[in-house]
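Subject: Structure for your review

Dear colleague,

Please find the structure below, followed by notes on what was found in it.

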Amino acid sequence: IKSQPTIFIIFGGTGDLNSRKLAPALYNLYLEGWLPDQFSIIGTGRTPLSDEDFKGKLLEGINSFSRSGKVKDDKWADFSQHLHYQVSDINNHETYKEFGARIAAHNAEWGTEANVIYYLAVSPNFFPIIAENISKSNLAEDPEKTRIVIEKPFGHDLESAVSLNKLLSGIFDEKQIYRIDHYLGKQTVQNIMAFRFANAILEPIWNRNYIEHVQISVTEQLGVEERGDYYDGSGAMRDMIQNHLLQLLCLVAMESPVSFDADEIRNRKVDVLKAMRKFTAEDVRLSAVRGQYGSGWMKGKEVPGYREEPNVDKESNTETFAAIKFFVDNWRWQGVPFYVRTGKRLHQSASVITIQFKDVPHMVFPKEANESWQQNRLIISIQPEMSIRLQVQAKRPGLDMYLNAVDMVFDYKGTYTTEAPEAYETLLLDTMLGDQTLFMRGDQVETAWELIMPILNAWQGRKSLNFPNYSADSWGPEIAEALIARDGFHWFTLPIKGKK
Ligand code: BG6
């Protein structure tokens, strides 16, 4: 399936996201024959650049960040003919007139009316003005042909998300709006649905009768890097939990959809968010913890604490770690805790979902026979290892009846020879094809904000924190261990395999 002739207009064309993610993804789609024959990528930004400068910048990005490695000359020569640059002032009507002229010129050249995708890879303050000016300049009149892609963060809180949705829905139909959550484009994340709904053996045990608790853990070794400006006003809750982690939770907890229709799937996810227990002030105290990293050593290098990072307030109370215990109040999940945690500068970079099943109802084997007794666990490793492991008890070889826990493993690397595409390849292709399944619908974003607002509000009211409260290369603050230990569990980790 190839999409229609397409024009991409990338706002923030000279930015990091374009160089690191969008351009490499578009180039790989091109290499693998997914792009239509007629396509044009127009980068735009404040900096005056020639087309050649722009191409050079993207070439550098693709050579450094593409999974397919350095470009081959002949392929690049052809691909780069489709790249253009336009200097712009997003406040100025003339800018949009020029876009209109470029679109018209392509249409005339191609003898068709191309799809136009406006990709807003810019700071969220600019979303409203760009959307309004696109509309005022009549550049989004045909809902079948024009789409707008909005990067995260979508709103800073519930109120701002609602008002951004209002503004966008005054201009675009919902079917034109593609709100990105790049986690949804990851192969292993898409596989959660395949695994759950394409295998008959799981559904009967996928509920409170068999599952004891669920852990969703997205840990990163990286610090805040050059993004202090954005991150200090945001924090782990807004940056990761409101979107990526809650989306993972929805995929684990959702009811089976009737079909693979985008809205059907998104409805089932919204059902989960709506069923999630709202936090009272007391719940926040008991079930939500936060942390901030201090300095330390990582991989033999000394790293600064969060408050010493560039563009971060020296007395910042922004959390770089959060761990929350959620409940989903419905028939399937009543009483099953979902523990989620995420943080920067932690010991390991890994995104892993663990489902721990209840223990056997009756122990047949004598205690001494159990080398390492462990309840059954299903471990969905999203990255860096891409795998699903079912941990079961097995008899150790020998004349005695000794048991230990072993892994039944499905590993992408060992199973498939084809390399997995990057999340942005999937998401850009879906945008071209008009498939919104892996994008956030307006109500989904708002419901997620609604859920976390009581936590953010309670945190905002309590300023005197003992930050930093964990050191770089640790597993986060001790209170995060206490949160889960209180229920008799502990956070699981996997020995890492794969690159990250
Ligand atoms: C982004 C966050 O959405 O996701 C970053 O803004 C975070 O802070 C990143 O580092 C993690 O994504 P990935 O794909 O590297 O796990």
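A residue counts as buried under 20% relative accessible area, as exposed over 50%, and as partly exposed in between. The model is a predicted one. At a relative accessible area of 41%, glutamate 225 is therefore partly exposed. Its phi is positive, about 55°, although glutamate 225 is not a glycine. The residue sits in the loop between strand E7 (211-219) and helix H8 (228-231).

Aspartate 473 is a second case: this residue is not a glycine either, and its phi is about 75°. Aspartate 473 belongs to the loop between E19 and helix H15 (478-485). With 31% relative accessibility, aspartate 473 is also partly exposed.

Two peptide bonds are worth a look. Most residues other than glycine have a negative phi, and most peptide bonds are trans. The bond joining glutamine 383 and proline 384 is cis, with omega about -5°. Proline 384 is in the loop between strand E16 (377-383) and strand E17 (387-395). A cis bond also leads from phenylalanine 467 to proline 468, with omega near -5°. That proline lies in the loop between helix H14 (442-461) and strand E19 (470-471).

Next, the sheet. Nine strands form an open sheet with mixed pairing, in the order E8-E12-E13-E7-E14-E16-E17-E18-E15. Strand E8 (288-291) and strand E15 (370-372) are at the edges; each has a single partner strand, so one side of each has no neighbour in the sheet. From one strand to the next, the twist averages 20°. E15 pairs with strand E18 (residues 403-411) in the parallel sense, over 2 bridges. In this pair, asparagine 370 is opposite leucine 403 of E18.

H9 lies across E7, strand E12 (321-326), strand E13 (338-343), E14 and E16, and runs at about 145° to E13.

The largest nonpolar core has 134 residues, and Phe11, Phe79 and Phe326 have the most contacts inside it. Helix H9 (residues 236-253) gives the most to this core, with 12 residues. Which residues does phenylalanine 326 touch, not counting those up to four places away in sequence? They are Ile241, Leu246, Leu249, Met276, Phe279, Val336, Pro337, Phe338, Val340 and Leu451.

Regards

Note on methods: Residues are numbered from 1 along each chain as its sequence is written. This is a predicted model: local features need pLDDT of at least 70, side-chain atom pairs count only at pLDDT 80 or more; totals for chains, interfaces and linings use all residues. Side-chain values use heavy atoms; hydrogens and water are left out. A nonpolar core is a set of buried Ala, Val, Leu, Ile, Met, Phe, Trp, Tyr and Cys residues joined through side-chain atoms within 4.5 Å. Buried means under 20% relative accessible area, exposed over 50%, partly exposed in between (1.4 Å probe, protein chains only). Helices (H or I, at least four residues) and strands (E, at least two) are DSSP runs, numbered from the N terminus. Contact means heavy atoms within 4.5 Å. Two strands pair if DSSP finds at least two bridges between them. Axes are lines fitted to C-alpha atoms, for helices over the stretch in contact, and angles run from 0 to 180 degrees between N-to-C directions.
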